[in-house]
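Please provide a briefing on the structure shown below, grouped by topic.

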Amino acid sequence: MSKIALITGATSGIGAATAHLLAANGFDLILTGRRNKRLVELENVLSSKYKAKCLLLCFDVTKAEQVQSSLHSLTANWKAVDVLINNAGLAVGLESVDSGEIEDWERMIDTNIKGLLYVSRSVVPWMKERKTGHIINISSLAGKESYPMGGVYCGTKHAVEAITQAMRIELLPYGIKVGTIAPGMVDTEFSNVRFKGDNERAKNVYKGVTPLSPADIAETILFVITRPAHVNIGDMLILATAQGSARDVFRNP
Ligand SMILES: NC(=O)c1ccc[n+]([C@@H]2O[C@H](COP(=O)([O-])OP(=O)(O)OC[C@H]3O[C@@H](n4cnc5c(N)ncnc54)[C@H](OP(=O)(O)O)[C@@H]3O)[C@@H](O)[C@H]2O)c1
C-alpha cells in the first residue's frame with residue numbers, strides 16, 4: 001500500500017518539487033495551497049508522469065476554520081496521513097522593527113506560525129490514533145540566527161523550531177517522528193513574494209551565487225522520510241556552498 005504525504009504550499013518552490021519527487025517514489029499525495037489552478041496543473045503532471053494518486057485541497061493556512069473544514073472533509077483512507085510536510089510559508093518585506101508594515105508582520109506570523117499550528121492541530125490526532133507518522137516542519141537558516149531587517153521572519157522561524165521541539169517530545173509515546181529542515185537560500189518564488197512582485201530586486205538576491213534548488217530540498221526531505229523506523233533526523237541545516245550565514249554570501253563578481 002502506498003504511503004500518504006500531505007504537503008502544504010505545494011503550488012510552488014520547495015513544496016512543488018517535493019510533490020514531484022514523492023510522486024516519482026510512489027507516494028499518494030494530498031496537495032494544498034491557495035492557487036487552485038496550480039494545484040490542478042500539478043495533479044495533471046503528476047498523474048500522467050508518475051501515475052500518482054493526488055487529492056487537492058485548496059485552502060488558506062491562516063484561516064483556522066477553512067483549514068479544519070478542508071482537512072476534516074477527507075475520507076478515512078486519506079486521513080491515514082503518513083507524512084505531513086508543513087511547508088507553506090513566506091517572508092514579506094525587509095524592514096526594521098521600527099519601520100516595518102504591521103500588515104506584513106501579521107501575514108508572516110499568521111502563515112508561518114499559526115498556519116503550521118492549524119494544520120498540525122487537525123492532522124496530528126489522526127497520526128496519534130494510528131500510532132505512526134512523520135512530521136517535517138520547514139524552518140530556515142532564519143530559524144537558527146537573526147538578521148537585521150528580517151526580525152519578524154526570523155522570529156516566526158525560531159518559533160517553528162521551538163514548536164517542533166515540543167511536538168517531538170509530546171509525540172514520543174506514539175512513535176511519531178518530528179523534525180525540522182532548515183534551508184538557506186533556495187531559488188523559488190520566495191524573494192518575489194518578499195519583495196511584493198519587484199522581480200528585479202528578487203533576482204539580485206541570487207546574483208553571482210549558485211543557490212540551492214527546490215529539488216535539493218526535496219531530495220533531503222525524501223532522504224529524511226525514508227530512514228529506518230528507529231531513526232529520526234530531528235534537524236537539518238542545508239546551505240548553498242556559497243552561503244556561510246544569513247549575511248555572509250560569497251558572490252562571484
Ligand atoms: N526560498 C528560500 O530561500 C527559503 C529558505 C528557507 C526557508 N524557506 C521556507 O520554505 C518554505 C517554502 O517556501 P518556498 O521557498 O518554496 O517559496 P514559494 O515558492 O513562494 O512557495 C511558498 C508556498 O507556500 C504557500 N503559501 C503561502 N502562504 C500561504 C497561505 N496563506 N495559505 C496556504 N499556502 C500558502 C504558497 O502557495 P499559495 O500561494 O498557492 O497559497 C506556496 O505554495 C517556506 O516555509 C519558506 O519560509 C524558503
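Strand 1, helix 1 (residues 13-24) and strand 2 form a right-handed β-α-β unit, where right-handed means that, with the strands pointing away from the viewer, the path from the first strand over the helix to the second runs clockwise. Helices (H or I, at least four residues) and strands (E, at least two) are DSSP runs, numbered from the N terminus. The model is predicted: local features need pLDDT of at least 70, side-chain atom pairs count only at pLDDT 80 or more, and totals for chains, interfaces and linings use all residues. Residues are numbered from 1 along each chain as its sequence is written.

**Crossovers and strand pairing**

- A further right-handed β-α-β unit consists of strand 2, helix 2 (residues 36-50) and strand 3.
- Strand 1 (residues 4-7) runs parallel to strand 2 (residues 28-33) and is joined to it by 4 bridges; two strands count as paired if DSSP finds at least two bridges between them.
- In this pairing A5 stands opposite L29 of strand 2, and L6 stands opposite I30 of strand 2.
- Strand 2 also pairs with strand 3 in the parallel sense, over 5 bridges, and here I30 stands opposite L55 of strand 3.

- An open sheet is formed by 7 strands in the order 3-2-1-4-5-6-7, with parallel pairing.
- Strand 3 (54-58) and strand 7 (235-238) stand at the edges with a single partner strand each, so one side of each is left without a neighbour in the sheet.
- From one strand to the next, the twist averages 15 degrees; axes are lines fitted to C-alpha atoms, for helices over the stretch in contact, and angles run from 0 to 180 degrees between N-to-C directions.

**Burial of strand 2**

- Strand 2 is largely enclosed by the rest of the structure, because 6 of its 6 residues are buried. A residue is buried if 20 or more other C-beta atoms, placed from the backbone, lie within 10 Å of its own, exposed if 12 or fewer, and partly exposed in between.
- Both faces of strand 2 are covered, with D28, I30 and T32 buried on one side and L29, L31 and G33 buried on the other.

**Helices on the sheet**

- Helix 5 (residues 102-130) lies across strand 1, strand 4 (83-86) and strand 5 (134-138), and runs at about 170 degrees to strand 4.
- Helix 9 (residues 214-225) packs on the sheet and touches strand 4, strand 5, strand 6 (177-183) and strand 7, its direction making about 160 degrees with that of strand 6.

**Surroundings of the ligand**

- The ligand is surrounded by 29 residues, of which the closest are G9, G13, G33, R34 and G89; a residue counts if its C-beta atom, placed from the backbone, lies within 6 Å.
- Helix 1, helix 5 and helix 7 (190-194) each supply at least two residues of this shell, and helix 1 gives the most, with 3 residues.

**Two loop residues**

- A91 is placed in the loop between strand 4 and helix 5 and counts as buried, with 23 C-beta neighbours inside 10 Å.
- Leaving aside neighbours within four places in sequence, A91 is in contact with M108, G150, Y153, F190 and R194, contact meaning that C-beta atoms placed from the backbone lie within 7 Å.
- The C-alpha atoms of A91 and S191 are separated by 7.8 Å, although these residues are 100 residues apart along the chain.
- P173 is placed in the loop between helix 6 (151-170) and strand 6 and is exposed, with 9 other C-beta atoms within 10 Å.

Methods. Two residues are in contact if their C-beta atoms, placed from the backbone, lie within 7 Å.
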